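Please read it with the model open.

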Amino acid sequence: MWVSLAAIIVVASAIGIGIMLAISWFPAQGSNVAPKIDTFWNVLIVVSVPIFVSVVTMMLFSIWRWRQRPGEEGLDGPPIHGSTKLEVIWTIIPTIIIAALSTYAAILLLDIQAAPAKGTRVVNVNGIQFAWNFETKTDAGPVKSNLLYLPVNEPVTFDIRSKDVIHAFWVPAFRMQVDAVPGITTSYSLTPTKVGSFDIVCAELCGLGHAYMRSTVTVLPPARYKAVMAGLAHASAAVGGSK
Amino acid sequence: MEAAAIPAPAAQDDHHHGPPVANQSSRVNSEVLGILLFIISEIMLFGAFFAAYFFIRVVNADGWPPGAGLPVAVAATNAAILLSSSVTMHWTDVSAKRGNQAGMRIGIVTTFLLGCTFLFIQINEYLHLGFTPKTSASASVFFGLTGLHGAHVIIGLLLLWMSAVRIFKGKVGPANYKGLEVPGIYWHFVDAMWIVVFTTIYVL
Amino acid sequence: MASKIRQAGWYRALAFTILGIAVCIGLSTGLRAAFGLNPVYDGTAVLQISLLMVPIFFLGGIGCFDYWLRWASGRKVVDDHADHGAKSWKDYFKVNTDHKVIGIQYICVSFFFMFVGGLMAMLVRAELAAPGRQFVDPNTYNGLFSVHATLLIFLFVIPVFAGIANYVLPLMIGAPDMAFPRLNALSFWMLPLAGVMMLLSFLAPGGSFAAGWTAYAPLSVDAPIGQAFFTIAVQFAGASSIATALNFLVTIITMRAPGMTFFRMPLLVWANFSTSLLVVIATPFIAASQFMVLLDRALGFNFFNPAGGGDVLMYQHVFWFYSHPAVYIMMLPGFGIISEVLATRARKPVFGYRMMAFSLLAIVLLGFTVWAHHMFVSGMPNWVRIPMMATTAIIAIPTGIKIFSWVATLWRGVLKMDTPMLWATGFIAMFTLGGISGVMLAMVPLDIHVSDTYFIVAHIHYVLFGGSLFTIFAGIYFWFPKMTGRMFNEKLGKIHFWLTFVFFNLTFAPMHLIGVQGMPRRVSDYAEQFATWNMIISISSFILGLSSLLFLYNMVASWRSGPKASSNPWNSLTIEWQVSSPPPIFNFDTIPSVVGGPYEYGVPGAVHAIVGDPAKDLVPAGAGATEGHS
Ligand SMILES: [Cu+2]
Ligand SMILES: [Cu+2]
């Protein structure tokens, strides 16, 4: 019985892990952070599936093996009150798993939130009901826009602020998110690694237009980026000058 | 199967006119336990406002005190008033346990009047502070905590009023004493809480 | 008529309500005049004062305070138990001090709000069936999901557990009633008031409250007046749950039958003991958070106004210091129910009884140390986030102990897979999934990505629907014969389970995926790429919603004309099953005496309690039967 149960759990876990890893969970990997988060996710799956499978297998097996059959209506099960050995085991094993995962997560957190190097490009992100606007300094002068442009493979720090209510600056492809909180500046840094356009989403309920508070980040090769920014700087200067 | 073989009593014929007396499974009396648990809840309510105080004064470093200094002397006087009302409350309790009707009456009236004096001074202080809750977050915290305490003084006074009515109707004595004991415990809590509020708001 | 108005009841409640509104108008205009404010009549001010005070007038009218006021004024009070028990259905609409009547009142009212809240979920899913706008404008949409969550949390899951425990807990510990029957009645009557207030918010100018059930400042401070309905209704719901919790604690501590030591208490009693501790300690924090919002809104305080030096994150700290424990307030009583159902239907003692009790207490303790895991993307430094991640993950250990012990309880039992048991085992599977996604969410790096996405929506529904609601169904089916004296329709119960189980998973499992893929929560519109999944989810959710009608029909029809239930249809050992179904008006003739553990199934001749005629000589089980382990 024990051997076949163990076999069922191993096989079912393997199948479960296989299916769960085959699902394409995440959007495109757009930053240096993304592969790390995705790997972490895979680790979590590999750890979680066997736990779920074990619980459900033991339960279904019990139901199948010991369900009340006709004629057993008056019977009771054996008066097993517990087993200290078992209880110690199922306290210690989860403790080890939890400790390991937490350590991994803490190291990963410190890694993805490491302080940016001096001179990293800073983009000021301002959340307002219900739009984002972005300010950055370029060689061609300051740029203000509602769309975000970034050069590929160059680290960037976002300083995020809000003047009205709380928003959250989330780029799913970058796997990073932080709230825009009135009164304080929050920030995160990362390096875009993939050329293309990605969604910017407001993830914190901010009122009527929250669902529509979406924008786009366009990651460009450095040369293209320079050209686009020069154009935008010109436009920003024109707007600023006409004031 | 045998395990559950105790027969249930048949449907009740109505020969009972009341419930059976419950088994007393703890030495603590239920009313006293009730008010103590309620006080735990109240402490947590104050705790939340102290959390606000902590965030705004310490984390956010909004200037403290709000306005140009708080009237510490007035608040200290008020602390003395409330503390003495605790003493008179205790005296009322003791009188009740001894069946001293005159002592009870004088005690509860004195306690009540001291409580009213506290409230009067507090409201008067509000009017002469020179700032309002709208002035700043620190001011909001000041009014939030002292106002919350003031509201508790009012509740305490209401309870004392009830006890007073019952005392003057001769319903309280050594045998019938919980109606005084429970408001008394609450009143001591209100007094003690003022010491905490006073210390954090005015002294620190 | 005049005599009707003088008597406690609905006529007087109506008269008092009108009087209350008049008083509030007078108070508001009087105060404004005194402070020289213009205009003297301010509708918003009147509305807010009325929301605070009129419910109290109503409670006075319906008769919640009569006894106390008479007592306080020194008049003679007679406790003739005239308001005990229910002789007709009309008695359920009166102030009643019988814990069994109050239990039923609680359960019916909270299920009413479950259906209302569920209907709102259906509207939400209809809107989300396709991208773009279908039926409702964004403001109504935000209102719908906010009221949905608020109703189901404050008016369903929390009170329905209080209702079930109200009914069975005094019976289980061999008490004739709760410790404070009149406080019990008051806590019940505050509840429908809070619920009605939340629903009325839809009529407020500017629409209902729409800042989510979390009502984050400063959004909730700037929101239209509908938000005040939330702010104030939560005070009443909170006061109700504090009063009930206090009542449970005092009842459990002081009114246990002789012989009912703490380690002979059924685990449902343990669960409610733990829950009540959480409620008494944590609930004042949500009261405070909403008081502060109200003060900011109504009187211009600056608690959450950064321009005035206020602290926006402070709201979240205070709010979650309650609202994280609240998830255990919504789960621990369910743990208790599952232990009762499993032991009885598996005919085996609960595995590791003592650890089950201790893990409840461990969860209570740890529950207070993890609140900031809801704020991992709020801009907190790592030195707060990492410890909070660790404590959150640690809660998985006592929770795991419970799950493993339940499975071990099934092992080698004689499992009767009837409706309550299906719900209980279904719960174990679903809650394990919810627990696993909970541990994933505790991991900060992953949480950063999935915060405020549909992954959260999936997680919370696996915990609160697959978790709490499954246990509620298990409990309702399990104690239905005791409460009504009739049996429910077993076949319908099973169909109800399987429909719910299948469509619950089809509704909520895909939400994990679309959340990770990038769909934020609380949106009425979404990117095109999520359209297919949302359509599937919406269709499943409609069937899920319809399946609950089966439950409703089963309950109503069986209550009216189901076959009569015996006193102990499940052959349970605990005390509530040793009295008639429904129990006698005062529960017991004489207080039972407890002689053994509550789950001694399989021990020959084991007895938990001697109920009824103590003269009948029953042999208690050996001393070994009371030990935790054998
Ligand atoms: Cu938003
Ligand atoms: Cu939480």
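This is a predicted model: local features need pLDDT of at least 70, side-chain atom pairs count only at pLDDT 80 or more; totals for chains, interfaces and linings use all residues.

Is B:Lys178 buried, partly exposed or exposed? The numbered points below take this up, then turn to the interfaces.

1. Start with B:Lys178. The residue is partly exposed, because its relative accessibility is 37%. Its side chain forms a salt bridge with B:Glu31, and the closest N and O atoms are 3.4 Å apart. The two residues come from distant parts of the chain: B:Lys178 sits in helix H5 (residues 178-203) of chain B, and B:Glu31 in helix H1 of chain B. They are 147 residues apart. B:Glu31 also counts as partly exposed, since its relative accessible area is 30%.

2. What joins chain B and chain C in polar terms? The rule finds 16 residue pairs in polar contact across this interface, both residues at pLDDT 80 or more. For salt bridges between chain B and chain C, the count is 0.

3. Now chain C and chain A. In this interface 94 residues of chain C are in contact with 81 residues of chain A. About 7300 Å² is buried between these chains, 71% of it on carbon and sulfur atoms. The rule finds 15 residue pairs in polar contact here, again with both residues at pLDDT 80 or more. Helix H15 (residues 396-410) of chain C makes the largest contribution to the side of chain C that touches chain A, with 9 residues. That side has 57 nonpolar, 25 polar and 12 charged residues.

4. How many salt bridges are counted between chain C and chain A? There are 2. In one, the side chains of A:Asp76 and C:Arg347 meet at 3.0 Å, N to O. There is also a salt bridge between C:Asp525 and A:Arg214, with the closest N and O atoms 3.1 Å apart. C:Asp525 lies in the loop between helix H19 (490-517) and helix H20 (531-561) of chain C, while A:Arg214 lies in strand S10 (residues 214-220) of chain A, so this pair joins two chains. C:Asp525 counts as buried because its relative accessibility is 11%. A:Arg214 is partly exposed, with a relative accessible area of 36%.

5. Last, a pair within chain A. Over all chains the count comes to 13 salt bridges. One of them links A:Arg121 and A:Glu154 at 2.6 Å, N to O. This pair also links distant parts of its chain, 33 residues apart. A:Arg121 is in strand S1 (residues 121-128) of chain A. A:Glu154 is in the loop between strand S4 (148-151) and strand S5 (156-162) of chain A. A:Glu154 counts as partly exposed, at 27% relative accessibility.

Technical notes:
Residues are numbered from 1 along each chain as its sequence is written. Chains are lettered from A and ligands numbered from 1 in the order in which they are written. Side-chain values use heavy atoms; hydrogens and water are left out. A salt bridge is a side-chain nitrogen of Lys or Arg within 4 Å of a carboxyl oxygen of Asp or Glu. A polar contact is a pair of N or O atoms within 3.5 Å; within protein, one must be able to donate a hydrogen and the other to accept it, and residues adjacent in sequence count only if both atoms are side-chain atoms. Contact means heavy atoms within 4.5 Å. Buried area is the accessible area (1.4 Å probe) that two parts lose on being put together, summed over both. Helices (H or I, at least four residues) and strands (E, at least two) are DSSP runs, numbered from the N terminus. Ala, Val, Leu, Ile, Met, Phe, Trp, Tyr, Cys and Pro count as nonpolar, Asp, Glu, Lys and Arg as charged, and the others, Gly among them, as polar. Buried means under 20% relative accessible area, exposed over 50%, partly exposed in between (1.4 Å probe, protein chains only).
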